[in-house]
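Welcome! Take a moment to look over the sequence and the 3D picture, and then we can walk through them together.

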Amino acid sequence: MKKIRDTIKVLALLLLIWSKVSAQEEDLLKLVAEDKPQKELVKNAFKATRVINSQSMEFLSPGTMDFIILHRFGQISEGMSNFFGLDQASMRMALDFGLRDNLMVGIGRSTYKKEVDGFIKYAPIRQSTGMNSFPVTIAIAAGTTLNTLPWSDPLRQNYFTSRMAYYSQLIIGRKFSDKFSLQISPTMVHQNLVASSYMSNDAFAAGFGGRYKVSKRMALTWDYSYLLYGVDMDLYNNPLSIGVDIETGGHVFQLHFSNSTGMNERAFLTETTGSWDKTEIRFGFNLSRMFQIKKKKESPKE
Amino acid sequence: MLTTIKKDKHMKKIILLAIVLFLGASTNAQDKYFTKNGTITFDATTSTSPEKVAAINKSVTCVLDSKTGNTQFSVLMKGFEFEQALMREHFHENYLESDKFPKALFKGQIINSSQLNYSKNGSYDVTVKGQLTMHGQTKDVEANGKLSVNDGKISISSKFAVLLNDYGIEVPRLVSDKVAKSASIKVDCILQVLGN
């Protein structure tokens, strides 16, 4: 009886030793203090820096150059004779540069009205998680357009400044989940010269853009602007574009249908003549190719 | 219980043995070495790729228990530095899904650890066997490397390959001429004693 009791005591002791030994094999990593949770910027709410026409809440990484070709065909409503619009084309070429994580600039030129444009986009606050998290990205974009067509009436007193228009907008956007992002962008456009004296030089619009990721590399996008003031709604319509973003390696392809021809803010906000009701919509694409022009100093060694 | 133990010679011997085993089995902090600045590089460049598909992580956490040969690594995926910003975006967003799987972990053992003398300067060929958890998948990994003891610091280095498919990392056909099916991993860490 005593022997059994002793054996049990010994076994209990050995069990205690064994558990101490095996505990040594457990998480060694816990012994090394974990770094405090850091602030992390939320990225890739949209795959490109433009939703379709409008500026998106995304920026280019510093040192990156983005070469973009935007293309809009003719209206589908023109039917077979114009091969459903494919026989016509309007194009904008652009170069965007990422200066900082929250600062970028870009220049472009459209064939529509031969307009040259430039813009700067800055985000004082970006959506972040972790320490001091913030729920949305707030960005400001401002740009200028310059109409380079020859004067329609060279004998009239024409001013160079009449060729210019300006826009400024606030972009407030949030990446709600890995799949879904939404942004709103109240915008103001000022045109130095408008077509008729009854028209306003200032126009105000509210933009709504979003994307829904369908797969790892493909997303559904929509870009709608509601014209609040300053645009004659008898002549023009609210611009609406719906499309698909496809990402492959270093390119982003954006394929879409839109009722606007213009590809800069002044053009697509104040001069969208097409109407979705009458299928006056056009097929178009944006093609973006990124180049890293300023590489980081350190690189992986051989 | 103690009063009965005093009288029992057998019991005394057993308890003495137990205490010796207990002390012998415990390891203290002096036997553990660590670093928070270890280096790991990966390279998945194909021969036909115009650009290098590679990155370096210089903030790897590694802990080594010299008594048992237990080795553990913790790698924060977002700590990988790339030359190309877009490559880094794709790495996190499309390939490794770093938001879902923020860390890669390795837990293993140096097989011939008992043959190594950690208190004397020297260099040894070692084999490490363990499990690598990356992108939510865990696989057995065996790698050869070198362990050197230099004035109380331990340097470990190793080079081995991982098959991306093993960890559920998909390489779309469109970029299969740039991104290789397997990545070559290089580990370089200098560990120092984990003081109390």
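Which residue is the bridge partner of Leu70(A) in β3(A)? The partner is Arg92(A). Before going further, please note that this is a predicted model, in which local features need pLDDT of at least 70, side-chain atom pairs count only at pLDDT 80 or more, and totals for chains, interfaces and linings use all residues. Residues are numbered from 1 along each chain as its sequence is written, while chains are lettered from A and ligands numbered from 1 in the order in which they are written.

Chain A holds 2 helices and 14 strands; helices (H or I, at least four residues) and strands (E, at least two) are DSSP runs, numbered from the N terminus. Strands of a sheet pair through backbone hydrogen bonds, either parallel or antiparallel. Here, two strands count as paired if DSSP finds at least two bridges between them. Strand β2 (residues 64-75) and strand β3 (residues 89-100), both of chain A, are antiparallel and share 9 bridges.

What about overall dimensions? The radius of gyration of chain A, taken over C-alpha atoms, is 28 Å, whereas a compact globule of 302 residues would have a value near 19 Å. That globule rule is 2.2 Å times the number of residues to the power 0.38. Along its principal axes, the C-alpha trace of chain A spans about 120 × 45 × 40 Å.

**Chain B and its helix α3**

Chain B has 3 helices and 9 strands. In helix α3 (residues 85-95) of chain B, the buried residues are Ala85(B), Met87(B), His90(B) and Phe91(B). A residue is buried if 20 or more other C-beta atoms, placed from the backbone, lie within 10 Å of its own. The cover over these buried residues includes β2 and β14 (282-292) of chain A, along with β2 (54-65) and β4 (80-81) of chain B. Just after α3(B), Glu97(B) takes a positive phi of about 50°.

**Burial in each chain**

| Chain | Length | Buried residues |
|---|---|---|
| Chain A | 302 residues | 35% |
| Chain B | 196 residues | 28% |

Note on methods. A residue is buried if 20 or more other C-beta atoms lie within 10 Å of its own, exposed if 12 or fewer, and partly exposed in between; C-beta atoms are placed from the backbone. Two residues are in contact if their C-beta atoms, placed from the backbone, lie within 7 Å.
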